Structure formats: C-alpha cells, structure tokens
Amino acid sequence: MRLTSLILNRYGNYEAERICFDPAPGKVNILLAPNSAGKSVLRGAFVDLLFGIHDRTEMDFRFGYSGMKVTAEIVQQDGSPTTFSRRKTRGNVITGPDDQPLDPGFLHGILGGRDRKLLERLFVLDTEALREGGRALLESGGDVASALLSAAGGIRQARSLKRELERKRDELAPERRTSSRPFYQALDQFLQARRLVSSETIRPDTWFHQQHELEELEEHRRQQNLAAEAASADIARLERVRRVRRWLAQLVDAKAWLETHPDAPRLGPEPRKALEAARLDSATKTETARLAAEALEHAERNASDVVVNTNLLGYADQIKQLVDEAGGARTAQADLPGRRAEYDFCLARIRDLLRQLGSDLPPERAAEALQTRALLARTRQRIKEYAELAAAAQGAPERIAAREHELAERERQLAELPADADHRILEVLLQDIRVGGNPATRRQEAEKSLAECDAALSACLARVPSWSAGGDALAALTSPAIDVWRRLDADIAEKRAEVTTSRERLEDETAKLEQAQTELATLSAGGTIPDDIALGRARLHRDSGWRLIYRRAFTSDPPAAAEEHEFAADVPLPLAFERAINEADAIADRRAVDSEFLGRVEAARHAVTEAERRTETAKQRARLAEEALNQTRRAWVRLCKASGQGEDAELPDILTFLTAREQVIETLQRRSAVDHALKSLVLRQEEWARALAATLGEQQSDLGVLLGLADRALSQAARRRQTRTDLETLRTQAIRELRDAVATQAAANTSLEAWRERWRGVLAELGRPEIEEPAETEAVLQTIGDIQTELRDMSSLMERIGGMNARIERFTSSVQEIYRQLPGLIEFRDPFGAVRELDRRLDQERASDQRHRILRDSLDKARAAAAAATQELMASQVQLHAVLTLIGADTIEAAAQRLALSDERAAFELRRDEAEAELRHAGDGYSTEVLRIEAAQHHADEDAARIEAASARHKEANEAAQRAAADASRMRQGMDQQAEATGVNAAAADQQAAIALLSRTLDEALLYHTASLLLSQALDAVEQSGGSGMLRRLSTIFQKLTCDLYVRVTSEPDDTGKADLVMIQRDFPDERQRIGQLSEGTRDQLFLALRMAAIEDHLESAEPLPFIGDDILQTFDDDRALAALRVLSDLSRRTQVIVLTHHRHVLDLADRLPDGTLFACQREPVATTT
Amino acid sequence: MATFRFLHCADLHLDSPLRGLEADPDAPAERIRGATREALQNLIDFAVNEQVDFVVAAGDLYDGDWPDWRTGRFLIAQIRQLTDAGIPFIAIRGNHDAESVITRRLRMPSELARVLDHMAPETYRLAHLPVSIHGQSFATKAVTENLALAYPAPDPERFNIGLLHSSVGDREGHDTYASCSVEQLRTVGYDYWALGHIHKAEVLHKDPWIVFPGNLQGRKINETGPKGASLVTVTDGKIVDVSTKYFDVVRWARIDVVLAEEADEDSALAQVRAALAGELENAEGRLLAARIVLSGACAAHEAFSRDIGAAREKIRAEALAVAGHGTIWTEMVDIATGPSAAIRAMEERQDATGQLIRALREANPGEITDGIRSYANAMLDKANPLRQAIGAENQTVLVAQGEPPDHLIQQARDLLLGKLAV
C-alpha cells in the first residue's frame, strides 16, 4: 500500500488537516515541519490507523476523544485507490468513505498478519531508534546474528537473552562452586542435616546399654539402702540402752526405801502450807495492831498546827486573769509613742502633696481634692494612646526618604548592567559534547578501562598455571574441550579404581592362598598318614608274599630261596606273609580310621591349588589394569604437554588452567573493544575541539581548556542574567515599600488629630489647663496617687492608737477594784507591781490549804486502821489451833517432824514413778524386763563406741545409696532429655527441605541451561541462513551511504569461531574494521543499511508498507545525507518512503536528487468532521 | 454375639519426614515434622475415646532405614495408652519395618499388645471377644512368596481376621511383596482381611471384606487426599459397617490449573485462588501441602516466561494470601504452561523473530544433548549422595542417566517463545 494522503481530525495537535503524499514509486516524500509541529504525532497516527487507536490514547491532549479520526487515501498493490478511516469509538472499527464499516478482512489483506510491534520496529525509524540501533551493534561486538536480528525486527538482543539465561542458571547453580548460590546453599544444608541426623540418632543398642547401666545403679542403690536401714536399727537399739540405764537404777533405789519405811505418813502438801500460813498470819496481825495505835497518836498531833486565809483564795481567778492581761497592757503602753509619731508624719506629707496640687485644704479633708477613679483611668488611657500615635507620625518621613533612596539605587544599578549576549549555538554544541558525560572524564575512564584491562590481563595471565608465553599465545593455544578432559580424568579414575580393586583382590587371594597353605601345613604337621601309594605298595608286598606261598604250596614252581629271602629276609615265609598282611591291613585301617582327616587334608590341598589358580588370575588382571591405567595416563600426559601443562597436572589443575585461559581470552577481547572505543573517543573529541574553537573564536585546541572557556562564557552570561533578574525584583519591591510608607504617614496624622480632640475633653473634666501636655498631666496623676496612699496609711494609724489606749485603761481599773475588795493589802502606784504582789500572796495561801487537807485525811485513816487490826488478831489465833489438830500434833514443833517424814515418802514415790515413766517413754515400747536384759548385754562404758561404729556403717551405706541415686537420676534425666529431643526429626525434615530445594533449583537451572543451548543453536542457524543474501545487500547499501568510503561489509569468524561483521575501506583493502572501530555516525549508517536490507528482505515475501523515517539524517553530514536520500529513493521503488524532518537543508539536499524524485509534502486544512 | 468395633490401620511410617517441602519460615514446621506422630495420636485418642474393642495394624509402623530409638519409644508409649484402656493392639511387620533395628529391640508394653510371629502364621485369639486374628510378620524386607497361602483355616464360631502386608498383585508405585490375589484371599474363609502396604485406601472386596485403609498420614505429593484408618463394626458376627476415619494432620493436594488460551496472568492467579479455596475447604482446617501445577497454552505464558522464579513466588504469595499463614505449605509451583496461539503464530511472521522461532523449532536436540547431560552430571557430582537423595524420578537425574531430554527441550523451547514475545 502507498499513501496518497493522511487526514487527521482532532488527533493530537491536528484539528483538521490533510497531508499529501506522492504514492508513485521512486518518489521520496519529505515533510518539512519545525519542532513540535507534530511529526511524531503523524507517525503515531499512521500506526493507529492500521492497528487501532488505544482506549486511553494520549492524542487527546488538545481536542479530547470526541471526533478523533484518522483517514488514509491509499493506492493498493493492484493500483486501485481506496479510502478508509479509523475513528476513536468503541470497537475502533475501520470505515469506508461512506462511514460504513469495512470488511474486517480488508486490513488483513494489507497487513498480511503483521502486527503493530512489527510495523513500529521495522517500518518506522527515528533518530533515537537509529542511535539505539548503532549502540546495539556496538554492544553485540559485531555478532552477525545479533546484528541481523536487531536491525531486522528490533527483537531484543538474542545474545543478551542467551546471556540472561546463562546468568539465571548461574544465579541458581553455577558449575563452579559458589557458596552464595541457592544450589550450593541447599547442598550445604543437605549435607549438614545429613550429618546431624546421623549424630542425633539414638541407636536401640545405645539406649538399652544405657538402660542396663541405669538398672544396675538402681540395684546398687537398693542394696545400700538396706545396709543403711540395718545400721540405723542397730543405732536405735544402742541409743535406747544408753537412754534407759539411769532410769533402771533409779527405779531399783526408790522401791528399796519404800519397802523399809511402811509407817511414813502421806500428809501431802496442804497441812504443811496451812500450818505455815496460820503461824505467819498470827505473828503479822499482832505487829499490825501495835503500829496502828502509834500512827493514830501522831496524826492527832499534826492536824492541830496548820491555819489558812480563805478570803484571798476566793479571789484566785480574778488575780490570775489580771496576771494574763498585764503583758498586753504593758506592750501597748510601750508602742503608743511610736504610732503617734507616724500619724503626725502622715499628716505633714498629705499637707505637702495638697500644696503641690495647689489646694489649701487641711489633711483631714484631702479626699475632697481628689477626682473619680473612672476619670483618672480614662486620662491614663489617652496618655498611652498619645505615645503610640506620636511615634508613628514622627517616624514616617524618615522611612519615606529611605525607600526613595533605595529605589534610586536599584534604578542606577540596572542602568549600569551590560546587555545579554546570545549563546544558544554554544549551548547546543556543549550539550552535544557532553552527551554521555564529561569528555575528560570519559576519556580518563576509557583510558582507565584500558589500564584496568591491561591489569586484568596481567592478573589473568598470572593466574594461568605454568604459563609465561603471553596472552596471545595462550589464546592461540589449542586445548581439548573440558568434556574431553573430564572423560579422560574419569577414565583414569576408573582405571585407577580397577587397579586398586585388582590389587586388593590379588592381596585377598594371596592371603587366602597363604591361609590355605598354612592350613595344609598344619594338617600335615599333625602326623603322616600313609597315602594311597603306601597302601598300594603294602598290598603289593602282601600279594607278592601270597604268590610265593601259592607257588610253594599249590604249584610245581616253588620260589627260589633267593626269592623267598628277598621277600622274607631272615624270617620264615608264612611269618613274613602274615606280617605283610598285617602291615597292609594296618595301613588300610589307619586310612579308614583317619578318613575324615584325610578328607580335610585333601580339601586343603584342593584349596591351595584353587587359591593358586585364583591368585594367578588376580595377578593377570592386576597387570592388565595397570597397563590400561598407564596407557590412559600416557594419553593424559600427551594432552597436558599439548596444553602446556606439566605431566603431573590433575583435573583441577586443568580446570583451573582452562578457566584462567577463558578469562584471559575474555579479557583480551574486552581490552580490544576498550582500545577501539578509546581511539574513537579521541577522534570525536578532536572534532569537538575544532568546532568549539571556531565558535568561541579561540586558537586553542585543547578540548578541556575550550570547554572551560565555554563554560566560563556561559556562566558569566548566566550570572549577568541572574543579576538583572535580582535587581528588577529589588526595584519592584522598593517601589512597593515607598508606597506603603507614604500611606502610613497620612494615616498617622489623621489619628493624631482625632486624639487631640478627645484629650481636650479629658483636661476639661480634670480641671486642667486646655493646653496642658500629656506629660504634665501624667505628673499630676502621680501626685493624686500619692495622696490616696497617704490617706489610707493615716486612717490605719488612727485605729491602732485608739485600741492601745483602751486596753491600758481597762487593766488599771481592774487592779483598783481588787484592792478595794481585799482589805489589808499595801497601797500601790504601779498597777503592774500590784498585780505581781497579789500573785505571790495567792501562791502562798494555796500551799497552806493543801497541807491542811492532807493532815486531816491521815488522822481519819489512822483511827480506822487501829480498830481493824485488833479484830484480825483474834481471828488468826483461832485458825492456828485448828491446823495443829489436823496434823495430829499439839505444838508447832511436833507438827514439823511429822511433816518431814511424810515429805521423804513422797520423794521416793516420785522417783519410782518418774523412772517408770521415762522407761516407758525412752524404751521404744519395750517392757522394763526386756530393757533390763538389753542393758545387761554389755557394759555402759561400751555404749558410745558401739553407737559410733554403727553410725559409721550407716553413714557409709547412706552415702553410697545417695551417690547411686544421684547417678541414676542424672542418667535418667539424660535419657529423658535424649528421648524428648526432637533434633533428629528436625534434621530429617531439614534434610528433606534441602533435597526439595536442590531438586527444584537443579531442574530450573537445567531448564535455563537447555534454553541457552537451544537459543545458541538457533542463532547459529539464523546466522547461516540470513547471512549471505542480506549481507550482500547490506554491503551495497552501506557502500552507498558512506559515499564509497567503505566498499564491502562481510562476515569473518573471530578468534572464538563466531561470525563477526567486518567493514573494508576503499583505501585500505587489506584492513578489517570491526563495529567497535567505527565512528558513532558511521555506526548509525551501518544500522540504517541493515534496516534497509532487512526491509527489502521482508518485502520479498510480504505486501509493501510505507517506510517512515523521522529525522533519521540528523547526524549525517551533507554528503552522506544526500547519499542516504539516494538510497531511500532506491527503496521507494519497492515501497513508499516518507521522510519527516525539521531541517530545511534536507529539503535543499533532496533538490539535488534527479528530477522528479523529491515530493515535498504539503499540509492543507480540511473541514472538521465530528 | 454382640456388637463390637475395631480399627484397622496400616503404613504409619512413624517419624518419616514429609518429602518435597522446601523450607518455609511462614509454615508451622513443628506440626509438619511431627505429622506422622500426631496422626497416630489422633488414632489412639479416637480408639480410647470411642472405646473401640481392639486395633489391628497391618505393617510398616516405621521406616526400616530409620534407626532412631525414640520412634520405637514413642510407638510403645502410644500403644500403652491403648492397653491401659484395655484395648488390645495386634500388629504385623511389613517390608519397611521387617529389618529395622528398632524392631529387633521393640518390647510390647503389655500382654494386650502383640506383634505376630515372622517365622510362620500366628493366631491371636482375643480373650474378651470371639475374635481370632491371623497374621504373619515379614521376616525380611523382601518377602515375595505368597504368605496368605499358609494362613490357618478360620476358627469356627469366631470372627476371623487376616492381617497381611501385601500388594495383592502388581500396583503402580508400589513394590510387589507377598503377592496374592483377591480370589485367594476370598477363599480362605476369613471375615475380614486387614491389609497394608498400599498407601491409597481401597476396598478390594465385600463379604468377605478385603480392605486397604491407606496410610495414616500422607508424606509426599503422590499421597494426596484424606488419610486415616478403617473403622469396622461387627454385629452378631457379621460386618455391618466399614467406614473411614481421617486422622491426618497435613493434607496433600495437587492443584491442577488448566489455563485457557486467552488466560492472562491475572486470570491465572484468579484460577489458582479459586482452586486453592476448594482444596482448603476439603482440608477441613488441616495444613494443606499443595503442589500447584499450571498448564495449558495461554497468554499468561509470556509473563511467566519473563521470570519463572518470580512467577513462582507470585503464585506462592497468592496461595499464602488465600490460605493465610500456617494453613498452607506450597510444596511446588510447576509452571508447565505453553505459549499461546498468538505467540505460536509468531513463527509465521516474515521477520527476524519468525526466523529465530523457526530456527528454534527446527533445532536438532541431538546436538545439545551432550551439553545438557554434561551440566546435569557436573552438578550431580558435587556430592556423592546427591543422586540418591534427589531420587531417580527427578528430571536432572533422569537426564544425567541418559534419558532423552525431549521434554526438557520442549520446556526450554516454550520458555524461549515466551521470552521472545516480550
């Protein structure tokens, strides 16, 4: 399809516009439009037209969704014109010119299954995509497959995908052990859990062994407990004997006394107590009666000596009250003069203040000269207002002057600023130079990267074992693949194992042989058993004897004497024959008897033979295994030598070597790329320096210096701009402040005038002069305040003086009244002295009265006591007589003898009872007779030693039992802890968890590994299938784009065998340039060429679609831009080409194309449709 | 003859850890570790609380290669609870516990508990009920002869139970031991054959009843669904009911989510949620150990392929969100989806993507098989016990052992298709 026009209604910034194109083959359509004029919108509209407007398209930013519509007038492949539209409605249907939906297959016929992604990635190209493509080519390192894929469809870099897959695999389970990776973490967990399961397991044997030990300990504890119990019983018995010995003796003594005094009375304690009490009572009562008579006589004498003044005692309360009041009266009398002086001072002060106010009133009437509180408060308020208003009015002119001065200063500074210069060109240039960072830094980084590469290369080389020939030689070295090494190593290990096995078998067989030989020797040493030969020989000897006898007895051929002699020697022939029979039978019997032994010997011999055969076989196998091992080992050594490794190198050494070699090769490649990048950067920076120098008008060629100059120039311009902006802001602010100051002054003056009117009213109320200033009025107010204070003080002093006088007068009259009522007292002048005398006299009379009352009480008590004592004496004597009668005696002495005998009987009975009770208590329930027998078994002196011995036995057994119990407890506790521990279950679960993780991780990593291998294979296939045709076309287009500077693009294998893009320059046909060595612009052209070739390739099997290039020539110089236009012109014969640009010179360049090639697209308004 | 009830269990595999569960800090690890014990406790509690008349166990009380004595001690403690309650416990040894070191030392706690002889069939006659239990333990791990043939004739006038550890013919996923046929068992004349060895519950025959109760607690993903024991009710010498009581504490489930062509990632997650909700309901509050398998050619394949690990984690998180902490343990998320038709159609495109995809399709597996195998072997050689631990069914092990990696390559191809479509 080719576009004749594209009509955009309310789409993006287009309201209603038609853009016209020329659909003819060979035409390059160029639409010139400035920036922001809607080139990108146009591109999007074309794609939306074909694939639908998104539900939430961003193209509604000006007109909204309503009426959004894109219409295309096209010429189809068969040349027929068609018009169709896409409207932003639900369903996004395609409609024809009559707004009726078209057949859904209509677009499919045009698109042929191509989707939006494909269109955007193949047929639409803008500056950014072009630059991105160039970068992708650089990153691909020239990889042909990646380059073709990248240019021909924009799919993600397939090699990156491969690397991503490998990275994902290695993040899970890299072949080299990396502890942080999940596989190895899980592996470590698995192994640890496995070990833990083994160590935490309690084996049944272990458990039962422990249980057996526990049972033994328990038995030992029981035995010791029994021993301790026996010792304990012994101790109890001995202790009992020791306890009861003295009580047995006491019991015997008491019983003996009681038997010898049967007449001793049992009076008990009561008669003795009664006798003693009666005797003591009688003596006490006699003495008491005598003392009571004496006391009565003495009391009567004392009571008659004391006299009391009862009149004075009757005024005791009044006198006490006067004594209390005397202190207050005395204080009042002392303070009175001071208070009077203060009062006089107050009067003088008020008089003085009244004079200050101009009043002649006496102090007592001073209140009449004072104003009301409300008036005074109002006056103070007015004075306060005045202070604020006066300050505002006075400061206003000064502020206005300051603002005017500042405004003039800002105007002057602005006038002095120089005009701004235009640095836009310089800014654009600097922006270009600094895309990607600071040039110097980039160069330093590039140089640093190169140095790092060198260092890394050295480090990598240093890690290569036994290698000193340098990196290139190492890279050139041919070493078998790692699988070969592994296989060989596995072979060696296997053969080594075989050797070990065969040697072990040989040793085993040799040992068995020696054992069999030893057994045979042992059997043989047990005694010689005649063998079959000996038996045969004996039987032959017997039979030859029989033949001689037979010949002699039954034939006519008797044996010769010599024959007989040969057989029988010197004994008769029959005897010799009998001996021969016996000998043969004996041998046969012996063999029969020892047949089992013979069998064993035979078996031993057979075993020896068999062992010898097996030993020989084992030797043979060992020799063969060693030969195989040596052979494999020689192959290993040959490979080692070929790889520059020593003969003793092992697989880990080889792995290390190969890994190190790979790292060296990677580092070499990285260094080469970095080196190319550095050189390219240097060239670009030189170009920038020249451009900068021209713009700045400098002769300098150092880019850094030029950048500094440019920065300085831009910085100075920026500073000037900033200064101007700042000054303008300050000027505006000064104008605003000046206006504010003038307004403030006017307001202050108005307020002050109003205040003065109110002030005059106040002065009139105060009665002050009309022109009095607030300051003077404020002094008057102060004086009035002082008068009020003094009046309050004077009033207070008058009250206090009156009170003091009244108190003194009350006290004096009270004293006089007392003196009048108590005749006989001395006259007084000082009432305070009189009161003191009264108080002293009152104390004396009170003491006399107290003494008199005590003496009278004593007399009454003495009389009563004398009568009672006489009566009690008589009763006591009657009681004493009754007690003597009870004891059975006439006198007190006889009664005492009978009581003593009775006491002795009671003591012995008590000792007897006590002994019996103690024996019951200490005898552990045994009878007195049993206890006596126990005590008689050994002497009392042996008690302690016997108890000590038993205690020692008890202690020893007890300690042993405790030790056994503790050991058993510990052991039981340990076993319980072991039994309760769930560590082994936890470890087993952990082991399973680790296995699960291992399983999943391995499967996932293997999937990534497989995908990586598969993708690698597919990429190789793409490279092989797409390389030849596309490469030829790529080469042709690139040659045109570079104005024949490059004559060929081809692919050559790199060091690793991977196909790599190389470019050949016209002037250096023998040199090969790789992508990393191209300038950025040339890389862009290479990518454009790749895209062109890809489009051509695509169009081989698909309907054409317009190619839209949006400012794709921006980075091309004029020659190459013209060359690109020619290439696009060629492409336009296959499909329509539309170039969008904001550079007029592109249009000018296109004018240089052959006549009729250029079509400058026009935009024209159309009627709005809704 | 009055009514009596007995429990028939088998394949307890005490302390055998649950397999295939990766460590999950959010999951109740203790509960999972002790699942087999807890299941047995549930059975014992049920037997004591419900006062069943006796319990029979048809072998494999624990694993033979598990030597920890604590397991035996625990078993004895549990049996003691039964015998203390006056409930006899009669068991035989199966292929797993025949050679166990624990077995040789195990002593039953009471006369009411008995493990039947392994030299010849033995009959245990209950004292309090007219019930005879005939059985023979495995003498070694590999008993292949038909033990049932030598079982004694039924005791007349008694209820006869045959206790046998056998596969009863060949059964997928189980080794064949003490092989016999249903017909052979049927003709012995017993009333009930209490079988063990097959971990899936199954009634092979009624009248006489020949029953596999399944194992007591599922231990891996191919032991899904409810697990427990059979409760048999006998009235007047006739079985009137055989029902299953579930004692498992962790319920295994394989959740297959088949995605339709148009299903995108959100739709896939929604389907996972719905499927999970159903399984959680079936688990009735038990911890669910689930394998989530997504399959089908679908639009979501593209998003899954972008980062398989992240997709798995997303689905795990989804599962956790649906189930809540402590109620689910996602054993594995298997993303076996395929590219949608739209992605597959990319192959027809005339651009580079189409070219690359065609190349992927036409790639020769033989050329990369060595590379795949080499990697698999290299990883498996990192530790000696690795192959055995992971198991012969693991894909990496299969590939390393020479199995053609066709399925793996197809998976890789699907993965690449998804990634190239991004």
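The expected span of a helix is taken as 1.5 Å times one less than its number of residues. In this predicted model, helix α25 of chain A comprises 31 residues (892-922) and should therefore span 45 Å; its end C-alpha atoms lie 45 Å apart, in agreement with that value. The buried positions of α25(A) are A:A895, A:L899, A:S902, A:R905, A:E909, A:A915, A:L919 and A:A922.

Just after α25(A), A:D924 adopts a positive phi of about 55 degrees. This residue is situated in the loop between α25 and α26 (928-936) of chain A. Most residues other than glycine have a negative phi. A:D924 is not a glycine, yet has a positive phi. Its relative accessible area is 43%, so A:D924 is classed as partly exposed. A:C1043 likewise is a non-glycine residue with a positive phi of about 55 degrees; it is found in the loop that connects α28 (983-1041) and β8 (1046-1053) of chain A. With a relative accessibility of 34%, A:C1043 is also partly exposed.

At its N-terminal end, α14(A) is capped by A:N438, a side-chain oxygen of which is 2.8 Å from the backbone nitrogen of A:A440. Buried residues of α14(A) include A:R442, A:L450, A:C453 and A:L461. The buried residues of this helix pack against α13 (424-434), α15 (471-476), α21 (651-696) and α22 (703-766) of chain A.

In chain B, the peptide bond between B:D207 and B:P208 is cis, with omega about -5 degrees. B:P208 is located in the loop between β9 (202-205) and β10 (209-212).

How values were computed: Residues numbered from 1 in each chain as written. Chains lettered and ligands numbered in written order. Predicted model: local features only at pLDDT ≥ 70, side-chain atom pairs only at ≥ 80, totals over all residues. Heavy atoms only, no water. Buried < 20%, exposed > 50% of the residue type's maximum accessible area, 1.4 Å probe, protein only. Helix = DSSP H or I, 4+ residues; strand = E, 2+ residues; numbered from the N terminus. Contact = heavy atoms within 4.5 Å. Polar contact = N/O pair within 3.5 Å; in protein donor to acceptor, adjacent residues only side chain to side chain.
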